[in-house]
Amino acid sequence: VEEVLGPDILIWSMDIFRREPSRGADLHKCPDRSDQIAPIGLDWHQDSLYLGLHPNDEVVRVWLALTSTMPENGTMRYLRGSHRLGTCPHLPADSATGFLRGPRVLAEIDHEAIVPVCLNPGCFSMHDIRIIHDSGANMTDASRVAVSITYISARVKPSVRCSAMPVRGCEGGLAFDRETRPVRDLAPQAVNGFVQALRARIEH
């Protein structure tokens with residue numbers, strides 16, 4: 001990450017994406033899996049649409065595989081070179097066609113430029129938040145699990161004041177409230193900080 005963003009780095013968010021098997025399910029209906037993010041996949045979209053972080057080229061997302069990722073289990077797919085388009089308009093989720101969830105980017109999808117993110121456990125990919133990407137249903141018998149970490153440089157500014165955790169450098173002033181590292185798992189101060197950060201994200 002430092003090779004891309006430089007020596008002053010913060011973590012803005014971290015999410016767990018778990019995709020359970022969908023084999024045998026009606027893929028035109030969203031299963032009742034409220035504990036998962038997009039249980040049967042996300043349509044083609046750009047993260048820059050909703051993160052509210054600028055400039056976009058000072059933000060990267062790392063996708064760390066905890067299980068193997070492959071087309072068969074609905075892995076993420078990049079549209080090569082699409083970050084050069086900038087942030088495109090999107091159709092809202094309720095106007096998107098098909099069974100995938102979320103907004104759909106209004107851009108031509110060149111199938112020759114699609115790159116599936118195939119990773120072994122412990123490996124990671126990194127992408128520009130303007131890259132157009134999607135994911136699909138998990139048609140295997142095992143869960144697919146990955147952790148998404150949003151790294152930002154100290155030069156980034158949010159559209160609404162929120163917090164981030166410095167992880168390298170960041171001795172100067174920041175446009176974010178500084179989050180402190182937990183002293184132990186589920187420490188009360190850490191839990192309270194998480195709730196405050198989540199509230200700011202919702203307002204963001």
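This is a predicted model: local features need pLDDT of at least 70, side-chain atom pairs count only at pLDDT 80 or more; totals for chains, interfaces and linings use all residues.
A word on the ground rules: local features need pLDDT of at least 70, side-chain atom pairs count only at pLDDT 80 or more, and totals for chains, interfaces and linings use all residues. Residues are numbered from 1 along each chain as its sequence is written, and side-chain values use heavy atoms, with hydrogens and water left out.

**The sheet**

Let's start with the open sheet: six strands sit in the order β8-β3-β10-β1-β12-β13, with mixed pairing. Strands here are DSSP runs of E with at least two residues, helices are runs of H or I with at least four, and both are numbered from the N terminus. Two strands pair if DSSP finds at least two bridges between them. β8 (124-128) and β13 (177-178) each have a single partner strand, so one side of each lacks a neighbour in the sheet. Further in, β3 (residues 59-65) and β10 (residues 144-153) run antiparallel, joined by seven bridges. In that pairing, Val 60 faces Tyr 151 of β10.

Most residues other than glycine have a negative phi, and most peptide bonds are trans. The bond from His 54 to Pro 55 is cis, with omega near 0°; Pro 55 belongs to the loop between β2 (53-54) and β3. Two non-glycine residues with positive phi are tabulated here.
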